[in-house]
Amino acid sequence: MLSQDLTGKTALVGGSTQGIGLASAQAMAAMGARCILVSRNEEKLKLAVQTLDTKAGQQHGYLVADYSDVNTVKTAVEGFVANNDVHILINNTGGPAGGPITAAKPEDFLMAFQQHLICNQIISNLVTAGMKKAGYGRIINIISTSVKIPLKGLGVSNTIRGAVASWAKTMSNELGEFGITVNNVLPGATSTERLDTILNNKSAKTGKDKHEVEQEMIDEIPARRFGKPEEIAAVVAFLASPAAAYVNGTSIPVDGGRTGSI
Ligand SMILES: NC(=O)c1ccc[n+]([C@@H]2O[C@H](COP(=O)([O-])OP(=O)(O)OC[C@H]3O[C@@H](n4cnc5c(N)ncnc54)[C@H](OP(=O)(O)O)[C@@H]3O)[C@@H](O)[C@H]2O)c1
């Protein structure tokens, strides 16, 4: 059995005060990793750190940074890597606002591009030196199933997600020889605040009751339910582990079977 132990590994986890990011940190901490959470809200970060397993004797921490302001991200991560090696990077942040692509403004694309692709690029380039030194690196990007099939009403998001997936595949080609893998996890509809916002917006836009909107979404999922953040996190944690060393350059939907492509 290949190892899924993360003892001695440091994981930098973006967008991690709640939802998929926090669940991913919790899963990796339970496998022994030291987790450094990165988000905007310091109070929520302090509370989130307290939820992480410390059985392996690890000391978790956090960095305050806003991915919509790339300089805050660069400064925070640069400061951390000056004295610490990172072995696992989870690129994750809040999703772009919804809406049809025909209504999107150029600045909406620019903002989403900065928050998602440029931040991924900056952080990844800051941590790969430590990964190369360790001969162990895992870069895992939380994107969306829209990488496979664009989702209705998410014009800016669909566009930026595709760019991030291409960026990741290219990165995986360049870093594979150093023992570093780069993979994408594509969540389907997952019960988090993000999904709640999407449901509320759809309900307001269509005039339908929120439960009706929810049921319509569930009807399109073969599993007939929304995902749980910990179900996405389980795949993230596996990809972060030594056992996943030969999984590289992939985009893995975790969506209860919703995505209609092979
Ligand atoms: N849930 C779904 O159904 C679903 C499906 C497909 C894709 N996704 C994508 O998966 C990712 C995570 O989704 P989620 O559902 O876990 O979202 P969520 O519940 O809204 O959580 C987002 C997390 O990101 C942090 N964050 C938001 N904006 C940030 C910023 N500008 N800088 C730094 N941190 C920021 C938030 O913390 P602070 O407020 O403390 O900063 C929070 O911890 C998103 O990109 C989302 O679009 C989600």
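Predicted model: local features only at pLDDT ≥ 70, side-chain atom pairs only at ≥ 80, totals over all residues.
**Strand β1**

I started with β1: Thr10, Leu12 and Gly14 point one way, Ala11 and Val13 the other way, and all are buried. For "buried" I used under 20% relative accessible area, with exposed over 50% and partly exposed in between (1.4 Å probe, protein chains only). Five of the five residues of β1 (residues 10–14) are buried, so the strand is largely enclosed by the rest of the structure. Strands here are DSSP E runs of at least two residues, and helices are H or I runs of at least four, numbered from the N terminus.

Residues are numbered from 1 along each chain as its sequence is written, and side-chain values use heavy atoms, with hydrogens and water left out.

**Partners of β1**

Which strands pair with β1? I found five bridges to β2 (residues 34–39), in the parallel sense, and three to β4 (residues 88–91), also parallel. I count two strands as paired if DSSP finds at least two bridges between them. Valine 13 has leucine 37 as its bridge partner in β2 and stands opposite isoleucine 90 in β4. With helix α1 (residues 19–30), β1 and β2 make a right-handed β-α-β unit. Right-handed means that, with the strands pointing away from the viewer, the path from the first strand over the helix to the second runs clockwise.

**The whole sheet**

I then traced the open sheet: seven strands, order β3-β2-β1-β4-β5-β6-β7, parallel pairing. β3 (61–64) and β7 (251–254) are the edge strands, each pairing on one side only. Neighbouring strands are turned by 20° against each other on average, direction ignored. Axes are lines fitted to C-alpha atoms, for helices over the stretch in contact, with angles from 0 to 180 degrees between N-to-C directions. I also checked β5 (residues 137–142) against β6 (residues 180–187): six bridges, parallel. Arginine 138 stands opposite threonine 181 there. Helix α2 (residues 42–50) lies across β2 and β3 and runs at about 165° to β3.

**Threonine 93**

Threonine 93 lies in the loop between β4 and α4 (106–134). What does threonine 93 contact, leaving aside neighbours within four places in sequence? I get Gly15, Tyr67, Gln115 and His116, with contact meaning heavy atoms within 4.5 Å. Its side chain makes a polar contact with that of glutamine 115 (3.0 Å). A polar contact is a pair of N or O atoms within 3.5 Å; within protein, one must be able to donate a hydrogen and the other to accept it, and residues adjacent in sequence count only if both atoms are side-chain atoms.

**Ligand**

An oxygen atom of the ligand is 3.0 Å from an N or O atom in the side chain of glutamine 18. A ligand nitrogen atom is 2.8 Å from a polar backbone atom of tyrosine 67.

**Asparagine 248**

Is asparagine 248 buried or partly exposed? At 28% relative accessibility, I put it down as partly exposed. Asparagine 248 is in the loop between α8 and β7. Beyond residues up to four places away in sequence, asparagine 248 touches several residues, including Lys169, Ile180 and Val182. A polar atom of its side chain lies 2.8 Å from the backbone nitrogen of valine 182.
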